[in-house]
Amino acid sequence: MKPPRTSPNFTFSRRRLKYAMIAIISVAVIGLLVWLQNRNLRHSTFFTGYLLMGSILFLTAFNLRKKIPVLPAFGSATMWMQLHIYVGLSTFAVFGFHIAWRIPNGMFEGLLAFLYLAVALSGVYGLYATRIMPRRLAALKEEVIYERIPALQRQLATSAKRLVLEACESTDVLARFYVNKLATFFERPRSLAYMINPSGRRRKQLLDEITDLNRYLGEQQRPVGAQLSEMVQQKDDLDYHRVVQGRLKLWLFVHIGMTYSLLIISIIHGIMAHAFAGGLR
Amino acid sequence: MNRPLPGMKTDSYERPNEKWTETVLVASEDGAEVTTTQRSLRNKRAVFTLAVTSFIVGTTLILFNSPYRNEFLAPGPLCSSHAQILAGQGADRCAACHGAGDKSFAQWFSDAISGGRSIGACQSDLCMECHKNSLNADYALVAHNVDPAVLAEMTAEKQRSGQFSLASYANVPGPPVNPLGELACSTCHREHHGSESLSALTDAQCQICHSDQIHSFEKDHPEFTSTPFNRRSRIAFDHTTHGLKHFAQSGMEFDCAQCHIDDERYDTKVLAPFEQSCAMCHEDEIIDSTSRDTLAMISLPMLDLDAISDAGGDIGQWPEMATGDFDGPLPGIMRLLLTADDEAAAILATLDRNFEFGDVDPYETDQVLQACDLVWSIKRLMHELSVEGSEAIKRRLEIVLERSISDDELVALTDGLEAPVFQEATRRWLPELTTELAVRTPGLQQYSLSQFGDGEVLFHYRPRSSEDTLAENPLKELMSANVSADQPAPSTPDPAPETVAPQQELAVVSTTPDPRDTSTPPAASQVIVNNERGDGGDEGGVVRNQTLRETPPVEIPAEQLLVENPLKERVEQTPGNTGAPVQVPPVAANAGQDDAPLAIVNTQSGSERQIVNQSSSPTAAEPSMPVAGNRQPTGEVLAANPLKERFGAPPVVPADPAVNLPVVNAPDVAQTVEPMEDEVAVIPNPHMETGINLPAVADSAPVSVPVSDPPGEVAVVARGAWIRNDLILQIGYRPEGHADSTLSEWADMITSVENADVRFETSALFEELTRQNSIGTCRNCHTVDRNENAFVVNWNGENHTSALREFTKFVHGPHLIQPHLQDCSYCHTLDPESNSVASFEGFDSTVSISNFEPIVKDNCASCHREGQTDSGCTQCHNYHVGSRRIGD
């Protein structure tokens with residue numbers, strides 16, 4: 001068996017460069033054609049409109065390809081994914097040509113533009129998220145199934161509460177600390193600020209406070225403090241998982257949820273464009 | 001994390017595409033684990049997608065069928081000029097511009113799959129619904145709105161001169177055009193972009209077709225060669241002569257602003273009105289001309305009766321004053337009206353347009369007989385005008401011009417000229433006209449005019465046709481009853497036609513039939529004529545029924561009549577006539593008692609004038625014009641006829657301020673009455689503010705003004721009126737001075753006729769009105785342009801505010817803000833060597849000799865250059881030409 005002549009990374013880079021060049025050149029050619037049409041007083045909007053419509057249909061077909069994995073004749077899913085990315089990025093330029101780089105100010109056209117931008121921008125975010133988020137998750141100790149996170153969080157909160165109750169027979173320091181600091185952390189979801197920017201600031205703050213609490217605990221209770229510290233880290237990791245995995249999964253709600261609306265409204269728009277087109281008999 | 005929490009799986013595997021997933025919930029009370037299932041994320045996404053799609057599409061469809069459909073569908077606001085279309089209510093607002101605007105979604109869909117050819121009117125047609133008045137409808141959608149053939153010719157000319165070149169459509173994909181070469185309005189005018197200019201066009205777009213790459217005005221634009229205009233000015237005016245000669249000699253300043261004034265928007269210069277610009281020097285000249293000349297409608301020629309007799313012709317009665325050698329003009333209007341008569345048209349078609357009766361060779365029988373036929377046509381015209389007045393003019397014009405004449409146009413042309421005027425003229429000049437025509441013309445139809453009262457009978461000439469039958473024509477029936485002069489004629493009509501009043505008495509007279517008139521049955525040498533006259537009835541100006549025996553209007557001894565009238569022999573042979581005096585029946589006695597026409601009458605010396613009621617004159621006793629029959633020797637008449645000299649060499653009558661009687665001043669000079677025989681009747685214009693206070697004057701009653709000193713010549717008596725001149729036997733119009741509406745209406749009418757300059761019907765009048773030094777001297781200043789096959793008289797100068805758009809535009813306003821440009825000569829440099837007079841002579845407006853040097857491009861480019869003032873194509877050039885300005 002021959003060894004691969006190039007490394008996988010190099011192949012990926014070449015492919016990305018190739019696709020990017022093709023996309024850039026395509027956009028340039030489209031731009032030239034649009035300029036020529038406008039210069040010659042022809043309506044380039046039909047040209048760009050059909051191009052955009054075709055692109056959207058092609059991009060939508062990627063979902064179909066994913067659902068029919070047994071059709072290798074249409075290319076691999078990876079290739080489809082790459083085409084999906086570059087064609088999708090190219091549509092930004094085509095869309096700009098189509099609307100002549102103006103902000104649509106009609107209600108129907110505004111709705112259409114909103115749908116397109118929602119789908120396209122969510123796709124761009126999805127591209128970013130699928131490239132960045134897995135690396136962040138990989139830095140964590142555990143892999144957690146997104147759907148199980150709520151149960152794990154609930155289970156962790158129960159365990160923490162039970163642990164504190166068992167340790168508060170001799171002193172109520174841990175119990176007071178739990179009620180004042182940890183109960184909210186374990187039992188309630190994280191703040192919106194954390195959802196937007198999941199930082200470890202509160203985790204560090206709680207761990208520092210538990211460390212500071214050790215001086216007020218007896219020998220028997222200090223291991224409990226250590227366990228609480230570990231549980232705080234687990235809870236924070238679960239929260240981080242929830243935020244990051246949520247981002248990885250929820251962008252598809254926008255991207256796919258708007259796609260079919262975009263497709264249908266685009267078809268209506270095309271029909272209207274023909275029906276309302278000024279011209280000669 | 002060192003150890004997994006209870007229930008936490010380390011395996012990340014989870015079956016894909018599951019709608020439900022198993023989830024472990026931990027009870028908080030006893031810590032017991034409870035397992036349950038819930039929707040998978042994929043399933044939730046699918047539900048979300050379905051919900052969002054349903055909501056958006058559903059809302060869209062609902063809005064499509066809601067009252068807010070227009071607002072929802074509009075792709076953006078319209079420009080300010082069109083904004084009101086969407087501002088209203090109703091679902092048809094989009095339909096104002098889009099054929100699909102009021103159609104359903106299903107129809108849109110069917111339109112889309114049928115290639116856009118199934119829904120309503122196309123948008124460009126809808127555009128024209130509003131803009132049809134501002135664009136040339138025939139060429140609204142073709143390039144530059146110019147006839148493609150004309151545009152091709154212009155292009156070829158420009159290309160030959162090297163001014164510019166056009167790209168070939170075969171090489172450059174130009175704008176989308178249909179097989180007719182039409183472009184949609186939306187090709188250039190892109191709506192729904194709010195306040196953006198709807199007509200903005202880039203230089204590059206102009207140069208799609210205009211392949212000359214003019215990158216900048218100052219570098220690439222060719223020098224001007226024919227500016228400001230490439231046509232002659234509409235008002236003939238030589239700036240060089242006026243500026244360097246006339247004004248200089250009179251010591252006046254030749255100030256441009258004297259004649260060229262700003263329009264209301266300060267956009268352009270327009271010519272000042274005549275009164276401000278030209279009247280100071282030229283008004284007297286025009287007044288002299290209009291006081292001297294008359295636009296003749298009727299003019300009786302002089303006839304050589306001996307020659308006519310020798311040739312075997314017959315003209316019936318003819319005024320003695322108009323006998324002698326053949327002479328006299330055939331005025332353009334009369335020629336035009338005569339050509340409605342088939343017989344006259346056949347003759348006039350063979351004659352030169354400058355034909356005068358002096359051209360008739362008395363020794364050429366054919367010419368003499370042809371002249372006789374023409375005379376009879378003139379008589380028929382006179383009779384028709386006497387009966388119907390302006391309606392006859394209208395009918396004849398419609399026949400000749402082959403178009404309808406509107407009432408307004410007729411009023412403008414005739415300006416108060418009605419039947420009584422001609423009736424009076426006929427009574428004076430051709431008193432036997434009706435009798436003669438009844439004898440000569442079987443087609444003369446007798447009928448009753450109810451508006452003149454019961455039993456009143458007039459004769460109306462009707463062109464003969466094959467359908468005329470004796471049964472239809474009571475006259476012919478009667479004629480056939482008197483088949484020859486030898487047969488006795490009935491003294492009373494039997495049976496009387498319906499149109500003849502029972503109490504009417506008819507005299508039977510005979511005449512010598514025209515030997516060449518094959519249309520007249522030889523046996524019909526006797527005819528019953530209405531021997532009536534109006535002699536003071538209630539209705540002035542109409543023929544009144546009155547028997548011969550009751551009130552003989554003009555009694556002429558039978559012997560005298562026999563000498564002068566060849567008809568007498570026939571009369572004597574008519575049973576029932578016993579040699580009683582024959583009454584000469586005037587055709588139209590207009591001397592009613594109550595509303596008889598007034599006359600402004602001069603005494604013989606012309607020093608006293610007064611408005612009088614003509615009924616005060618003894619109409620019944622007033623003799624008619626001396627009658628010359630065929631047998632009357634003409635030599636005596638000629639000797640006594642002052643017209644002969646006039647026809648030979650029309651004297652120029654100077655305007656005599658002493659007798660100049662402007663209509664507006666008439667009341668001031670009318671004091672005393674001295675009725676005269678030979679007079680000039682001025683027919684007042686009911687449509688004109690004359691200032692004459694003549695409440696008793698009927699609308700069409702003539703006001704008679706006698707001739708003034710010297711006797712026998714027509715003095716300047718009034719202007720802006722129709723005048724009957726009994727000296728030269730003419731009815732004509734004397735203009736009131738500059739901008740006379742009647743004269744200009746005749747000029748407009750004749751110049752609008754296709755090929756008016758060459759058609760035998762119109763060429764004489766066309767020549768009469770459009771030659772240099774024509775009546776009113778209109779043509780001296782107002783050029784006449786040949787337009788396609790017709791012509792147009794340029795009554796106004798270059799009024800750019802109302803003129804059609806041309807390829808080049810210029811707005812003076814912003815330029816004249818600049819101090820150095822306020823001197824007109826900065827751009828318009830007078831060429832002292834130029835003489836533009838020759839360019840005004842013909843009808844070709846493109847023959848242009850400018851008094852000015854071409855505009856120097858550098859003068860413009862000093863400001864209009866890159867980085868300074870805009871110098872794009874559309875800064876100076878219009879795309880739409882030939883269209884009305886719409887506030888650009």
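Modeller: Helices here are DSSP runs of H or I with at least four residues, strands are runs of E with at least two, and both are numbered from the N terminus. This is a predicted model, in which local features need pLDDT of at least 70 and side-chain atom pairs count only at pLDDT 80 or more, while totals for chains, interfaces and linings use all residues. Residues are numbered from 1 along each chain as its sequence is written, with chains lettered from A in the order in which they are written.

Colleague: How many helices and strands does chain B have?

Modeller: Chain B comes to 32 helices and 21 strands. One of its strands is β18, residues 721-725, which holds Arg724(B).

Colleague: Why is Arg724(B) called buried?

Modeller: A residue is buried if 20 or more other C-beta atoms, placed from the backbone, lie within 10 Å of its own, exposed if 12 or fewer, and partly exposed in between. Arg724(B) has 23 other C-beta atoms within 10 Å, so the residue counts as buried. Of the 888 residues of chain B, 37% are in that class.

Colleague: What makes a pair of residues a contact?

Modeller: Their C-beta atoms, placed from the backbone, must lie within 7 Å. In chain B, 70% of the contacts with a separation of 6 or more are between residues 24 or more positions apart.

Colleague: Which residues of chain A touch chain B, by number and helix?

Modeller: 47 residues of chain A are in contact with 56 residues of chain B. On the chain A side, α4 (107-138), α5 (149-167) and α9 (222-276) each supply at least two residues. The largest share, 18 residues, comes from α9(A).

Notes
Contact = placed C-beta atoms within 7 Å.
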